[in-house]
Amino acid sequence: MRPLLLALVAATAFADDAAPLSRPVMKQLPEGGLPQPPSARELVDARRELKARFRGLLAKSNSAAGATLACDVLYSSAITETDAALKWLMLAESRRLAIDTGRADCISRAITLASASYKFDPLALELESLGEIPLRALDAQKTVQFATAAEQLAARAEADGQEETAQSAWLLAFRSWQRCGNLEAARRAEERIK
């Protein structure tokens with residue numbers, strides 16, 4: 001037993017003499033900040049890869065349940081994707097499926113993740129995406145989620161000094177609160193518009 005203890009002490013002493021562990025180093029963004037989203041040419045190969053990798057999943061995205069599943073899987077896969085063009089395409093497809101299924105919260109999360117990797121105006125893209133969802137096709141729960149997402153977008157736009165975007169987002173919130181019958185929230189949004 002003693003020789004094992006001596007060997008352990010000797011190994012520990014030797015390890016203390018070794019070079020100290022290096023401290024973690026933060027990576028710097030390339031000069032000029034984040035890169036632009038990929039060009040149409042760069043997306044050609046990425047589109048081929050996306051179709052090959054998610055063929056079965058995308059084939060089932062014609063139904064509401066299939067589109068919901070595909071939206072979530074593409075978003076989750078994009079989190080760890082290293083290929084820049086494929087990551088952008090995964091997030092764009094996830095956002096498109098969220099628009100098709102009326103999931104405003106999923107639009108926001110896809111755009112938030114994309115804005116951490118690429119340089120573009122996320123507020124304008126989110127406003128455009130929310131504007132593509134037809135309110136009349138949403139059930140009560142999705143209408144409330146839509147109104148909440150529009151209010152959050154308006155607040156972010158106000159904080160960023162984008163008054164026009166904020167006003168448009170408040171108008172979306174107002175209409176959706178009216179649609180779901182929450183008149184108090186609709187009045188609150190209307191006051192923000194004024």
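**Group meeting talk: core, charges and cysteines**

Let's start inside the protein. L130 touches A104, I107, F146, A149, A150, L153 and L172, leaving out residues up to four places away in sequence. Touching, or contact, means heavy atoms within 4.5 Å.

A word on the source. This is a predicted model, where local features need pLDDT of at least 70, side-chain atom pairs count only at pLDDT 80 or more, and totals for chains, interfaces and linings use all residues. Residues are numbered from 1 along each chain as its sequence is written, and side-chain values use heavy atoms, with hydrogens and water left out.

Back to L130. Which residues touch the most other members of the largest nonpolar core? They are L50, L130 and F146, in a core of 53 residues. The largest share of this core, nine residues, comes from α5. A nonpolar core here is a set of buried Ala, Val, Leu, Ile, Met, Phe, Trp, Tyr and Cys residues joined through side-chain atoms within 4.5 Å. Buried means under 20% relative accessible area, exposed means over 50%, and partly exposed lies in between, with a 1.4 Å probe and protein chains only. Helices are DSSP runs of H or I, at least four residues long, and strands are runs of E, at least two; both are numbered from the N terminus.

Next, helix α10, residues 183-193. A185, A186 and A189 are buried there. Seen down the axis of α10, the buried residues fall within an arc of 100 degrees, so they line one face of the helix. That arc is taken from the directions from the helix axis to the C-beta atoms. What do the buried residues of α10 pack against? They pack against α9, residues 163-180. On the other side of α10, L183, E184 and E191 are exposed.

Now the charges. Side chains of opposite charge can pair when their charged atoms come close. We call it a salt bridge when a side-chain nitrogen of Lys or Arg is within 4 Å of a carboxyl oxygen of Asp or Glu. By this rule the count is ten. I'll show three of these pairs.

Pair one is R48 with D45, with the closest N and O atoms 3.1 Å apart. Both sit in helix α2, residues 40-53, three residues apart, which means about one helical turn between them. R48 is exposed at 53%. D45 is partly exposed at 42%.

Pair two is R103 with D72, at 3.2 Å between the closest N and O atoms. This one links distant parts of the chain, 31 residues apart. R103 is in the loop between α5 (84-101) and α6 (104-115), and D72 is in helix α4, residues 64-80. R103 is buried at 14%. D72 is partly exposed at 25%.

E93 is buried at 17%, whereas R96 is partly exposed at 36%. Elsewhere, salt bridges that share partners join E49, R53 and E81 into one network.

Last, the cysteines. C71 is buried at 0%, and C106 is buried at 1%.
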